[in-house]
Every structure is written in C-alpha cells, then in structure tokens.
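Dear colleague,

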Amino acid sequence: MKTITRPKPYEEILQQLEFCNRVFIVGCGTCATVLQTGGIEQVLELKVKLQESGFLVTGWTVIPTACDEMTVASAGEHEGAIQGASGILTLSCALGAQRLSFYLDKPVLPGLDTLFIGLEEHPGYFMEACDQCGQCILGYTAGICPITACHKGLVNGPCGGTNKGKCEVDSERDCAFTLIYNRLKEQERLDLMKHYHPPRNAQVAPRPRIIILEQKEIEQWV
Amino acid sequence: MGMTFKQILDSGKFVVTAEIAPPKGTDLEKMNHHIELLKDKVDALNVTDHQSSVMRFPSLGGCLAVKERGGEPILQMTCRDRNQIALQSDLLFAYTRGIKNVLCLTGDAMTVGDHKQARGIFELDSVQLLRAIDFLEECKDLGGNDLVGGATFCKGAIVTPEADPWEPQSYKFEKKVDAGAEFFQTQAVYDMDNLTRFMDYARRFPVKILAGIVLLTSARMAKYMTDNVPGIFVPQDLIAQLNSVPKGGGLQKGIEIAGRMIAVLKQDSICDGVHIMAINREEVVPEILKAAGLNGHVD
C-alpha cells in the first residue's frame, strides 16, 4: 500500500507560511520517498527554495514512517529546532501531517496533497486500487475493483462510454468492465457478470470512521 | 386525451419519440416552441437531464411544460447529480404531476461537462434506479419505509447496440431487462446490418426497442461522431452522401438520410420504433417524419 501524494504549488505553500518566517521541514521515508515528493532530496530542495524566499529554516528531518507512532520519538530528536520554528512544513501524506499535529503544539502545514491509496502496478506507475468502501466485491469482479477502476464507480456493468475497451474519460484508461469481463472469461466464471449488485451502503462505517480493538486483540500484538 | 405512452408501446404500433433539451437559463421560449411543434407529431417527448453534464433547466421542469401543453413526456433521469433520496423524491413529484414515463440513465461523466469541479454522485446506477422504481410501486422507499401513496412508471433504459466490446454491454442490457425496463431507446445506429444483428438478439426479451436516430447535419459532424463518440459508427457511404451535397446542403441531406432510415426500419419491422435526436435542430423533426413517410401526427 502506498499513499500517493503530489506537491502543492509553491505559491500555496507560501500562502500557508504567511504568518511565520521560521520553518522546520519534515519529510517521510516511506510512501513520500518512493513517490519522490517527500524524501531527503525534495526536503533539501524545498529548504533551499524557502531560504531563497527569505525564510529561516531552523532544521529538517525525514521521519522513517511519518504516520506511525514512532514519529513522536523521531521528532523529539529535533526538539530544539522544532521549538525554534513558528511553523512545521510536512512533505508527507496527510496522515503524517495529522500524526505530527496531534503531538506538536506548533501549526503543522502540509506541503503535499494526498491523492489516493494506490498500488505500484509496475515501477513508477501508481494506480488507485481501493476506495475503502467497506463492502468488498472483488470476489464477484475477478479481483478488479470497479468502484475505483470505473470512472463513475459503477458496479452493475459498463456505461455507454466504453470505447474500444477504453474509458471515454481517458482513452489511455481501460474500461473496468472490459477488464472484468475478460478476466472472468479466462476464469470461466462469466456467470458472475449477471450478478446484481444492490446499492452500496454509504454509511457502513459512518464518518468519522473509528475501529477500537478489544484489549486482548491488542495484547496479541504487543 | 389519447393513449398513454405505455398503452402505445403495448399497442404494437411503430412508436416515434423525439428529444428536446431544456435551456441553459430561464428563457423557456425556444423549448416551449419545440414542445408545441412536436407534441402532437410524436408519441412521447424525452426531456434531457443536464445532457453532457452541462447544468441546465431541469428535465422535470421540461416534462411539466410538455404535460401542461398536452404532450406525453419521458423524464430522463441520470444518477450523476442526485443521491437516492433526491432521485426518489423527484419521482414522487413527477408521478403526482402526471409524468409517468422515466428513462433511467447512468449519466455522462462530470468531466465532459461545464462543471468539471463538481462531484459525480452515481450512488445508484441505471440498473439500481430501475429497481428503485419497483419499491415506489410497492409503496416502499429504498430505506424500506412505507409510503403514503406510491408511484408507478413506464420504465425505460438505454443500450448501445454497437458498443465495443459488445459482451459486457449485453450483460448490462440483460440486467436492465431483469430490473423491469419496458422500453429501450438505443444509442444512434446508422448501420442497418448492425442494428438488425442487435435486434436478432434483443427480440429474445420482452421489451420494446426504439432505434436511436441522431440527425446528421454535415459530413464533418458525421466523421466527428464516428471518430469520437463511443458506440457510434457512421458508415463511409453516409459520410460520402453528406460530402456530395453543395455547401449548406448537409442539413437537408441529413433529414433525407434520417427519414429514409426510419422508413426502412418501419417497413421491414426491424425494430419497434425510433427515438429521434435532432440535437440543436429540434425544429426539423417534422421534416424528418415527413421524409420518413409518417403522417407526423399521433392518433
């Protein structure tokens, strides 16, 4: 699993930083490093750019995995530089930014936009593969998720926009139902194309979604 | 008051429907003119629902205008802009105002329209919308709650006979049939062999098929459609015919082609009727009917 991020326009970063002139930069060593949006290189590039724009960069770090609970310890190693800053700029996904803002009392400002949860299908090619709908139908669709692979998230078959097996929205993109049909055919399970999918429950886990593990489940992991 | 659309479908006569588009704004003059012009010449008038994802006056409002003028409206309803509460509520309203025909559509992608930043809802799809109408007929809603007074509709859907690939489309078509679609209006078909092949398949199902006729107005338009619109194939000889006329004669040739196609479909009983889409040229529909040898008025 990768959280796919994209840099915010520099102007938007500057707008967020309008209130301060001392900045600490945090990158992430996991997804944002793979995506080349928040690895060491990008953090250092941004550092220079901000300095050229007249900011004082009090320090920087690339936390191994910005979203996990070790973030607190990693950030602790830079306490002085963080305390010296008036804003923390994150080059991580929104999970990393939120993890930091739970812990720090300083304003945490995202330098990246979080686009989707994706799979790296082949090197450098990231595709959205799950919308976290909470009602997985992959068992009926030959392992291809139409909710993400179809532009409209249809579940009962293709719309009229299929064009030579591609999506009318983007001729480079396959029509999800052509893919599903072809794979079900290979698996000799074409009967599943007839399966009626009722409307999904949009409130299967109402927002904000929270799962609380029982104490004994937690102990198994510790 | 003549027959309802449902009765006309059941009567076995060759059915003719046409489509009108509500305006982008509140000036209804042109739409109302088209309604006056066509309401007695076709069996029912479809009113498009933010066609091509372009925000307009609503289909429901257009259907009311058809109804007020004594015509028979078909409410086009896409799943793009409304969640299930809004869809059901609009159906209840439609029913109380005598709008009894619904064409259930998925809806175009938001990205093709003029509100590219808007969210496409697609909470229901066209098959689920067809089934949702069954609930209303049983005085229930999709939440399983009782209604004080239900609603029944003549339910329609669309199909693309020349979809490429065809097989996934055929499964969707059959799901729509299973969901209770009574009539289908097809995507435009210009190749009579392809349509006949589709009809050989579709005849197996207890549904009425109205072949889509999109008026061609120039060779350029025909070429554009065949190259860019999914599921539309304009044969080379039709493009050549449109090319053969002097500049400015494309529309007249298009009317002739559409009329000739309709006449063949009717004469050879290839399908149950036609659905004429004279996009932005609604005023020439009577000429198309005339070219088809249809009297151009509904009994």
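**Pocket lining and helix packing**

By class, the lining of the second largest pocket has 19 nonpolar, 22 polar and 8 charged residues. Here Ala, Val, Leu, Ile, Met, Phe, Trp, Tyr, Cys and Pro count as nonpolar, Asp, Glu, Lys and Arg as charged, and the others, Gly among them, as polar.

This is a predicted model, in which local features need pLDDT of at least 70, side-chain atom pairs count only at pLDDT 80 or more, and totals for chains, interfaces and linings use all residues. Residues are numbered from 1 along each chain as its sequence is written, chains are lettered from A and ligands numbered from 1 in the order in which they are written, and side-chain values use heavy atoms, with hydrogens and water left out.

Helix α8(B) gives the most to this lining, with 4 residues; helices are DSSP runs (H or I, at least four residues), numbered from the N terminus.

Helix α5 (residues 126–137) of chain B packs with α6(B) at about 5 degrees, their axes 9 Å apart. Axes are lines fitted to C-alpha atoms over the stretch in contact, and angles run from 0 to 180 degrees between N-to-C directions. The two helices α5(B) and α6(B) are therefore roughly parallel (under 35 degrees). Their contact residues divide into 2 nonpolar, 1 polar and 5 charged.

Helix α8 (residues 176–186) of chain A crosses α6(B) at roughly 95 degrees, with axes within 9 Å. Therefore α8(A) and α6(B) are roughly perpendicular (65 to 115 degrees).

How values were computed:
Angles under 35 degrees count as roughly parallel, over 145 as roughly antiparallel, 65 to 115 as roughly perpendicular and the rest as oblique.
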